[in-house]
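I set out to record, entry by entry, what I looked up in this structure.

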Amino acid sequence: MKHSLKKPVVLLIADDDEEDREMTREAFEGNFSFSEIQMVTDGLALIDYLFRQGIYADPARSPRPGLILLDLNMPRMDGRQALQQIKSHPELRSIPVIVLTTSHAEEDIFKSYNLGVNCFISKPVSSKDFIEVAQSIGRYWFETVLLPSPSK
């Protein structure tokens, strides 16, 4: 059953694991209505997307996300470095960021919250549990929480 959002939201998934990106997309698309789901594969692409640089210079190609799902362990620039840049920038810091990662390390949890992450979730191992977690994220962030309207 699809749940309707209070308002359209662009979901930005930053994860280098193709299978995890696709499972997340399918879990959200199958249960929630979105204006768009965007995906990037590493921290540099995430920063380029958010700052509309390089291939993301066209705002039509990089609509401002209402929510970011962020993996910590990515190539080129990891999620920790990307999170620090996002949360230290005045125009980006209001975008909620959920860390969705394989890490269970206390240091990662502590550092992520210190950098301003809104939620830290360890990825479940089984695909069934992964989909359930993604759906619970959707129910909370898209049915319960009021998200700020994205700036252009």
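**Entry 1: Two residues in loops**

I began with Arg52, which I found in the loop between helix H2 (43–51) and strand E3 (67–70). I note at once that the model is a predicted one. The phi angle of Arg52 is near 50°, which is a positive value in a residue other than glycine.

I then turned to Arg76, located in the loop between E3 and helix H3 (79–88). Arg76 also is not a glycine, yet its phi is positive, at about 65°. I looked up its surface as well: Arg76 has a relative accessible area of 60% and is exposed, because the cut-off for that class is over 50%.

**Entry 2: Salt bridges**

How many salt bridges does the count come to? I recorded eight salt bridges. I examined several of them one by one.

The side chains of Asp78 and Arg80 form one of these, with 3.1 Å from N to O.

Another salt bridge joins Arg25 and Glu26, whose closest N and O atoms are 3.9 Å apart. This pair falls within the 4 Å limit that the term requires. Glu26 has 48% relative accessibility and therefore counts as partly exposed.

I next looked at Lys123 and Asp20, where the closest N and O atoms of the salt bridge are 2.7 Å apart. Which parts of the chain does this pair tie together? Lys123 belongs to the loop between strand E5 (119–122) and helix H5 (127–144), while Asp20 belongs to helix H1 (residues 18–29), so the bridge ties together parts that are 103 residues apart in sequence. Both Lys123 and Asp20 are buried. I also noted that a network of salt bridges links Asp15, Asp20 and Lys123.

I stayed with Asp20, which has its place in helix H1. Is Asp20 buried or exposed? Its relative accessibility is 13%, and Asp20 therefore counts as buried. Not counting residues up to four places away in sequence, Asp20 touches Asp15, Lys123 and Phe130.

Thr24 is likewise placed in helix H1. I read a relative accessibility of 2% for Thr24, so this residue counts as buried. What does Thr24 touch, leaving aside its neighbours within four places in sequence? I listed Ile13, Leu69, Leu100 and Phe130 as its contacts.

For H1 and H5, the angle is about 50° and the axes are 9 Å apart. H1 is therefore oblique to H5. The crossing in which H1 passes H5 is right-handed.

I then wrote down the residues that meet. From H1 they are Asp20, Met23, Thr24, Ala27 and Phe28, and from H5 they are Ser127, Phe130, Ile131, Ala134, Gln135, Ile137, Gly138 and Phe142. By class, the contact of H1 with H5 holds eight nonpolar residues, four polar ones and one charged.

**Entry 3: Helices H3 and H4**

How do the axes of H3 and H4 cross? They cross at roughly 20° and come within 9 Å. H3 and H4 are therefore roughly parallel to each other, because the angle falls under 35 degrees. Their crossing is left-handed.

On the H3 side I found Arg80, Leu83, Gln84 and Lys87, which meet Asp108, Ser112 and Leu115 in H4. The contact of H3 with H4 divides into two nonpolar, two polar and three charged residues.

**Entry 4: Asn114**

My last entry concerns Asn114, which is placed in helix H4 (residues 106–115). With a relative accessible area of 58%, Asn114 is exposed. How far is Asn114 from Lys128, in sequence and in space? I recorded 14 residues in sequence and 31 Å in space, taken from C-alpha to C-alpha.

Key: Residues numbered from 1 in each chain as written. Predicted model: local features only at pLDDT ≥ 70, side-chain atom pairs only at ≥ 80, totals over all residues. Heavy atoms only, no water. Helix = DSSP H or I, 4+ residues; strand = E, 2+ residues; numbered from the N terminus. Buried < 20%, exposed > 50% of the residue type's maximum accessible area, 1.4 Å probe, protein only. Axes fitted to C-alpha atoms, helices over the stretch in contact; angles between N-to-C directions. Parallel < 35°, antiparallel > 145°, perpendicular 65-115°, else oblique. Left-handed = near helix turned anticlockwise from the far one by under 90°. Contact = heavy atoms within 4.5 Å. Nonpolar A, V, L, I, M, F, W, Y, C, P; charged D, E, K, R; others polar.
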